[in-house]
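Subject: Structure for your review

Dear colleague,

Please find below the structure that I am handing over to you. A summary of the findings follows it.

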Amino acid sequence: QVQLVESGGGLVQAGGSVRLSCVVSGPTLSNYVMGWFRQAPGKEREFVGWISQGGTYTTYADFVKGRFTISRDNAKNTVYLQMNSLKPEDTAVYYCAAGQSPSSLDRRYDQWGQGTQVIVSS
């Protein structure tokens, strides 16, 4: 069974940047569409973006506005979420997830990491 472990979260100042990593073990990473989601306190989990199996295609939520970039290195079994120009409203637990087809719906993903906390201070 595929296992996902996120890392890279922490405290960052508004306007700063952080890169989250999701290391996948088990089956080959290239078999999966990888999605990123986040959940802020008191809010529902929301879609951030996804990247196709080969990394050619990406889709992002509107709130990203060009600030975030998802990439993947299948040889390293790792997916990244680069976040720039961070805002306090980006504060959330960020999750990576693996699925067989691209989707903005969390129920379409089969495996989830435990999440990593990002706190953006103003």
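Is D106 buried, partly exposed or exposed, and what is its relative accessible area? D106 has a relative accessible area of 26% and is therefore partly exposed, the limits for that class being 20% and 50%. Please note that this is a predicted model.

Salt bridges

There are four salt bridges in the model. In one of them, the side chain of D106 meets that of R45, with an N to O distance of 3.1 Å. This pair links distant parts of the chain: D106 lies in the loop between β9 and β10, and R45 lies in the loop between β4 and β5, 61 residues apart. R45 has a relative accessible area of 35%, so it too falls in the partly exposed class.

With E46, the closest N and O atoms are 2.7 Å apart; with D90, the N to O distance is 2.9 Å. D90 belongs to the loop between β8 (78-83) and β9, whereas R38 belongs to strand β4, and the two are 52 residues apart. Both D90 and R38 are buried, R38 having a relative accessible area of 5%. E46, by contrast, is partly exposed at 30%. Through shared partners, salt bridges join R38, E46, R67 and D90 into one network.

Strand β4 and its partners

Strand β4 covers residues 33-39, and six of its seven residues are buried, so the strand is largely enclosed by the rest of the structure. Seven bridges pair β4 with strand β9 (residues 92-99) in the antiparallel sense. A further five bridges join β4 to strand β5 (residues 46-51), again antiparallel. R38 has a bridge partner in each of these strands: Y94 in β9 and E46 in β5. Six residues lie between the strands in the hairpin of β4 and β5, where G42 adopts a positive phi near 75°.

Two further residues

S21 is located in strand β3 (residues 18-25) and is buried, with 16% relative accessibility. Beyond its sequence neighbours within four places, S21 contacts V5, E6, S7, W36, T78, V79 and Y80.

Q114 sits in the loop between β10 (111-112) and β11 (116-121) and is partly exposed at 48%. Leaving out residues up to four places away in sequence, Q114 touches L4, V5, E6 and Y95.

Yours sincerely

Terms used:
Residues are numbered from 1 along each chain as its sequence is written. This is a predicted model: local features need pLDDT of at least 70, side-chain atom pairs count only at pLDDT 80 or more; totals for chains, interfaces and linings use all residues. Side-chain values use heavy atoms; hydrogens and water are left out. Buried means under 20% relative accessible area, exposed over 50%, partly exposed in between (1.4 Å probe, protein chains only). Helices (H or I, at least four residues) and strands (E, at least two) are DSSP runs, numbered from the N terminus. Two strands pair if DSSP finds at least two bridges between them. Contact means heavy atoms within 4.5 Å.
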